Amino acid sequence: MIHMSKKNQAALIQQLSDTELYLNIYLSQLLFLVAGSILMFFTSFPWSHVTWNTKAELYGLGLAIGTVLFNLLLYKWLPLSYVDDGGINERIFSSLSLPNIALLTLVIAICEEWLFRGALQNLLGLHITSICFALLHIRYLKKPVLFSVAVLLSYLLGYLYESTDNLVAPMSAHFLIDFLLGALLAKRGSSRAIKEMVTRSKRE
């Protein structure tokens, strides 16, 4: 996606049609996948790190559940202004069905982890890669809570990769985090739409 200030990015995204929005997202992920593949080719990525391992996946599941619960607690305890990203995530997920949310978040998880953990972390190390990943979410820069969460999550995903030597583990964790939070946003958006329809029908 095109990255700019939170206000301008939110305004742009609201102006895009659904087709334009999702095409933009999928194209950006394709660029991540291509860039990661090129870097992996020239840095001799250890392909043994892309394997299915039940123990590693359980670690990923645990990280995902913990992250989602932590995010829910932040939304419950903190003022909305602290955790609001300008409505961008809600715009992305609120109109999608669960299968489409699953597809979108799977693509995002694979492509972003492919580039950041698979390519960049092996080249630049955990710390620089984690900061780069957090900076990808530029709309969080003026939101200390959201940016801190992005940095922390990036470190945790990187540590999960290092501790398991398994790229599938952070991919799985990333997918589950995005899918669960996306599904919650979609449910909230559907509930809001139903309430608006009921209110409109009563007025009529």
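Buried means under 20% relative accessible area, exposed over 50% and partly exposed in between, computed with a 1.4 Å probe and protein chains only. The legends below describe a predicted model, in which local features need pLDDT of at least 70 and side-chain atom pairs count only at pLDDT 80 or more, whereas totals for chains, interfaces and linings use all residues. Residues are numbered from 1 along each chain as its sequence is written, and side-chain values use heavy atoms, with hydrogens and water left out.

**View 1. The overall fold, built from nine helices and zero strands.** Helices (H or I, at least four residues) and strands (E, at least two) are DSSP runs numbered from the N terminus, and the order along the sequence is α-α-α-α-α-α-α-α-α. Of the 204 residues, 41% count as buried, while the protein exposes about 11400 Å², of which carbon and sulfur atoms supply 68%; these areas come from the Shrake-Rupley method, and for residues only the protein chains shown count as cover. Among contacts (heavy atoms within 4.5 Å) between residues at least 6 apart in sequence, 80% join residues at least 24 apart.

**View 2. The salt bridge between Arg91 and Asp18.** A salt bridge places a side-chain nitrogen of Lys or Arg within 4 Å of a carboxyl oxygen of Asp or Glu, and a search of the whole structure finds two. In this one the closest N and O atoms are 3.0 Å apart, and the pair links distant parts of the chain, Arg91 lying in helix H5 (residues 88-93) and Asp18 in helix H2, 73 residues apart. Arg91 counts as buried because its relative accessibility is 13%, whereas Asp18, at 38%, counts as partly exposed.

**View 3. The salt bridge between Arg117 and Glu113.** The side chains meet at 2.7 Å, N to O, and both residues are buried. Because Arg117 and Glu113 are four residues apart in helix H6, about one helical turn separates them.

**View 4. The packing of helix H6 (residues 98-124) against helix H7 (residues 126-136).** The two axes, which are lines fitted to C-alpha atoms over the stretch in contact, with angles running from 0 to 180 degrees between N-to-C directions, come within 8 Å and cross at roughly 145°. Residues of H6 that meet H7 include Phe116, Arg117 and Leu120, and their counterparts in H7 include Ile128, Cys132 and Phe133.

**View 5. Phe41 in helix H2 (residues 18-42).** Phe41 is exposed, since its relative accessible area is 66%.

Conventions. Areas by Shrake-Rupley, 256 points an atom, 1.4 Å probe, with all protein chains shown as cover.
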